[in-house]
Amino acid sequence: MLWQALTAVRDLGRLHDIAAILVRYGFGDMVRRMGLANALERAGRMLHWSNAEEFAHMPPPERVRRALEEMGPTFVKLGQVLATRIDLFEPEWIAEFGKLQDSAPAAPWADISQQLTEDLGASPETVFAAFDPEPLAAASIAQVHRARLDDGSCVVVKVRRPGIRPIIEADLRWLMRLAELAETESSELRAFHPQEVARNFSLSLRRELDFAGECRNAERIAESFAGYADSDSPEPGQNGEAAVPATASAIIVIPRVYWQWTGERVCVQEFIDGISGRNLQAVEQAGLDRKVLAQRGANAVLKMILEDGFFHADPHPGNIFYLPGNRIAFIDFGMVGRLTEERRDQLISLLLGLVKHQPQRVADVMLDWTAEVTVDEAGLILEIQTFVDQYHGVALKQLKLGAMLSDLVDILRQHQLALPTDLSLLVKAFISLEGMGRELDPEFDMAGAALSLLERAMRARYTPAAILKRSWHTASEAIALIAGLPQDISRLLRAARRGRLEIHIDISHLKRVGNQLDSAANRLVIGIVVAALIIGSSIVMTVPGGPTLLGLPVFGLLGFFGAVVGGVWLLLSIWKTGRMDRER
C-alpha cells in the first residue's frame, strides 16, 4: 500500500515534511514502525535523525500539539476536531488540543483581489461602495474583510485563501494513508480509531471549504429562530435592560446572507456590530444583563439540539456577539452538528436520567449507543449506576451538566468504547456552552435550563399528533416491506437457481490477514528461487567449458551470488517481522 502511495510523486515532498516533523518532535519510532522511513529512503529522501530528541522533554500532548501546528492548516484543523473527541482522549490531551489557534498571516492583497474579481464578476472596488483591503481576521483557510454596500449596509466578505484546496487535498490523501498504516501497524494507536477519525475529518474539512454550504447552514438555523420567543427569559425592558426598536427585537440574530455574491470560495454576510463573547468587561460597561445573556444563550443552543436536531457545533465566545437589548448573535456556521429524531429521543432520555437521577435510563441509552461493540454490559451498567447515584440528593442548581457528561464519557473510554460520531460534537458543545454560561453568570444553572426544555420535548413526543405521525410512519414502512416481499423472494430464488447467490461475510482485520498471507507467499517464492539457484549453480559448476573466474565457472558464481542475496533478504524480512510482532 505504501509503495502505491509513493507513486504519487506530487505528494512525496509533503510526506517527507510530515515525517521530518514527527521525527523532530520525538515520534521517530512511530515513523519507523509505520514503514515511512524505509519507504522515503528507497525514494531517495533521507530523514535526519540527529535532532530527534530536541523536544523529547515535553509531555506527549504538548509535543503532538506543537507538531500539528508545524505541519500546517490541515493538521491544525485536525487538532481542533480532536479537541471535540473527549470520548477518545484524556482531559490533558483535550486541553492541549484546545490551545490550537487557527490564525495565519494575511494573504497578499493582489492574490485576494484577483480571486475576488473571478468570483464576483468584477473587482471588489466596483461591486462594493467601499472595501477594506486590510483583513479583520486571517485564518489558515480564509480571511475576512469589511465592506459597505451602495445602500450603506456594512457587510463582511469571507474569502478562501488562493491555492489552499490543492494543499489540503494532498494533506488529506496522506492523512488517510497514515491513518490506515497506524491502525494496521500499531495496537496503541488502534484504540483511537484513526481511520474513522480521518474519514470524518476529511468530510468535515471539505464541507468547510465550501462557503456556500456554510451560508446554507446559517439560513437553516435562521429559519428555525424566525419568530422565536424565549419564554424563560425577561422581555426587553424588564429587569433594567434597555428596550430596543421592534425592527431589532429578535432575541437570536443570525447574519443575513447576500447570495448574489456568495459561492464556493467567497461569502458575503451582514456585519454584526456587537460585543465579542470574549470581552466580558465590555458587556458590563454596556449595561447588559449577564444572567439574561447566559440563560438566553443556553436556551437557544438547547433548542437547536433538542428541538431542531441541527445545531451550531462550536459555540465558543469567539463565535458569539452580544447586542443591545440582551440579544445574542451567532456567527461562523462552518461546523454544525446533525441529530436524527431517534438520536434526539435518546439524548432526551439520557439527559432526563442524569438530571432526575435515574441510572437505569442512562445505562439503557449508553448501551444503545454501544450496541455494535462487544462490551462488559454488567460492569458498564454498574459503573453508570454508581456514577448517577453519587448525585442523588444534590440540588438541581449544583449539578454541572457538562462535567457530568464528560465524566460519563470517561466511563465509556475506560471500557474502550467510543461515542457515535454524531454525538462527539454534541458533548463538546454542551461543555463549551456550560463553561461560557458560568463565565457570564457564576450561578448559571445549566441543568435547570435544560430541564424545562427536556420536559417540554418529552411531552411533545407523546402528544396525539406525534403518536399518530409515528404510527403512520411505522405502518407505511411495514406496508412497503410486505408489498415488496414477494418480489424480493422471487429475486432471491431466481439468483439461487442461476447459481449467482452470493453471501458476503465481513471479518475484522481480514485485510491484515491477507497482507500476511501475501508476505508469506512472497517469502515462499523467494525461498524456492534461492533453492533453484543453489541447485542450478551446483550443476553448472560440474560442467566444463565457458568463461571462468579464479578457475570457477562465472555463471555458477553468479547463481551462488544471487542465492546469497536472496537468502539474506529472506532472513532480514523474517527478523524484521518478528521484531515488529514483539513490539506490538
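Colleague: Which residues does leucine 354 touch, not counting residues up to four places away in sequence?

Modeller: First, the ground rules. This is a predicted model, where local features need pLDDT of at least 70, side-chain atom pairs count only at pLDDT 80 or more, and totals for chains, interfaces and linings use all residues. Residues are numbered from 1 along each chain as its sequence is written, and side-chain values use heavy atoms, with hydrogens and water left out. Contact means heavy atoms within 4.5 Å. Leucine 354 touches Val362, Phe387, Val388, Leu401, Met404, Leu405 and Leu408.

Colleague: Which residues have the most contacts inside the largest nonpolar core?

Modeller: A nonpolar core is a set of buried Ala, Val, Leu, Ile, Met, Phe, Trp, Tyr and Cys residues joined through side-chain atoms within 4.5 Å. Buried means under 20% relative accessible area; exposed is over 50%, and partly exposed lies in between (1.4 Å probe, protein chains only). Here the largest core has 122 residues, and Tyr322, Phe330 and Leu354 have the most contacts inside it. A second, separate core has 16 residues, including Leu120 and Phe128.

Colleague: Where is leucine 401 placed?

Modeller: Helices (H or I, at least four residues) and strands (E, at least two) are DSSP runs, numbered from the N terminus. Leucine 401 sits in helix α19, residues 401-414. Its relative accessibility is 1%, so leucine 401 counts as buried.

Colleague: What is leucine 401 in contact with, leaving aside its neighbours within four places in sequence?

Modeller: Its partners are Leu351, Leu354, Val355, Phe430, Glu434, Met446 and Ala450. Take methionine 446: it is 45 residues from leucine 401 in sequence, yet 6.3 Å away in space, C-alpha to C-alpha.

Colleague: How should I read contacts across the whole chain?

Modeller: Look at sequence separation. Among contacts between residues at least 6 apart in sequence, 70% join residues at least 24 apart. The chain has 24 helices and 13 strands. Of its 584 residues, 44% are buried.

Colleague: What is phi of asparagine 326 near?

Modeller: Phi of asparagine 326 is near 60°, a positive value in a residue other than glycine. Asparagine 326 lies in the loop between β9 (320-323) and β10 (327-330). Aspartate 332 also has a positive phi, about 60°, and is not a glycine. Aspartate 332 is in the loop between β10 and β11 (336-338).

Colleague: Is each of these two buried or partly exposed?

Modeller: Asparagine 326 is buried, with a relative accessible area of 1%. Aspartate 332 is at 33% relative accessibility, so aspartate 332 counts as partly exposed.
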